[in-house]
Amino acid sequence: MNLTLILFFVLAVVAVASAAGLLISRNAVYAALFLVLNFASVAVFYLLLGAPFIALAQVTVYAGAIMVLFLFVIMLLGGEKLPRTYILPWQRPTAIGLAAVLFVEAGFLLFQRLQLSANLANPIAAVNTTEYLQIFSEQLFNQYLLPFEVTSIVLLVAMIGTIVLTKKVKGEEA
Amino acid sequence: MPGSVPLSYYLAISALLFIMGSLGVLIRRNPLIIFMSIELMLNSANLAFVAFGREMNVLSGQIMVLFVMTVAAAEVAVGLALIVIIFRNKHSIDVDLMNGLKG
């Protein structure tokens, strides 16, 4: 068993345990912190997969920006703990059953059809980080230039939408 | 050396995280935690993208992940704004109380 495999299994345990913590923690702040841990372990997965740019984007965008926004809203609304309302008795067993079905389906599809033909036309396997970044940015700004520009519009629309949604209408009691 | 972990391991972990995210959407009542579970699902899809990209030896998977992250950031911003105005109107964010459209 080599070192990478050991690291992978440790990270897998951390990722799954933190996801389980997100599911079962009653306090939303703890859930958010568990999610940060999960994002960090996935970032190390990206490093193992040879994607350092994505790993750093994961840490800054997800674990940094998005989770700070989450924590901010949780604390703003005081939504850490919701009082228990009525409970549907069949909700949890049904959900677990459906999730098990989905897991079996996903496993079946993934492993039944997993016949990959390695495409060696564009070798990125054994390059150093500088070359990796060069190839990455060349592809991003040539082949994927239009989607890249579209994401700027998506972000602009989200920004305007957020401002419009949370703006107080004049004369409205808030 | 990097790259010695088989693709199927990454797919298994990705599927497991996705299932846990969907389970969170189904059983939790707090909309903030439901949102976090959606982020977990997006994240597991990203992991599958990167793993497949490494296996096929292309960078397109990683570039897709960049786009998914952008859309996720936009989604979180709008979704949290919606939660804030729902809280402003109902003084609670419990999803069970969001039944204003019920006849």
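**View 1. In this predicted model, α1(B) and α2(B) run roughly antiparallel to each other, because their angle of about 165° is over the 145° cut-off.** Helix α1 of chain B takes in residues 7-27, and helix α2 of chain B takes in residues 31-56. Their axes sit 8 Å apart. The crossing of α1(B) and α2(B) is left-handed. As for what lines this contact, the residues split into 17 nonpolar, 6 polar and 2 charged.

**View 2. Over in chain A, helices α1(A) and α2(A) are also paired up.** Here α1 covers residues 3-24 and α2 covers residues 28-48. The two axes come within 8 Å and cross at roughly 155°, so α1(A) and α2(A) count as roughly antiparallel. This crossing, too, is left-handed.

**View 3. Zooming in on the contact of α1(A) with α2(A), here are the residues that meet.** On the α1(A) side, look for L7(A), F8(A), L11(A) and L22(A), among others. Facing them from α2(A) is a set including F34(A), L35(A), V44(A) and F45(A). Sorted by type, the residues of this contact come out as 15 nonpolar, 5 polar and no charged.

**View 4. Now for the place where chain B meets chain A.** On the chain B side 73 residues are in contact, and on the chain A side 86. Between them the two chains bury about 7,300 Å², with 76% of that on carbon and sulfur atoms. Within chain B, the residues losing the most area to chain A are M36(B), N57(B) and L59(B), which together make up 10% of what that side buries.

How values were computed
Residues numbered from 1 in each chain as written. Chains lettered and ligands numbered in written order. Predicted model: local features only at pLDDT ≥ 70, side-chain atom pairs only at ≥ 80, totals over all residues. Heavy atoms only, no water. Axes fitted to C-alpha atoms, helices over the stretch in contact; angles between N-to-C directions. Helix = DSSP H or I, 4+ residues; strand = E, 2+ residues; numbered from the N terminus. Parallel < 35°, antiparallel > 145°, perpendicular 65-115°, else oblique. Left-handed = near helix turned anticlockwise from the far one by under 90°. Nonpolar A, V, L, I, M, F, W, Y, C, P; charged D, E, K, R; others polar. Contact = heavy atoms within 4.5 Å. Buried area = accessible area lost by both parts, 1.4 Å probe.
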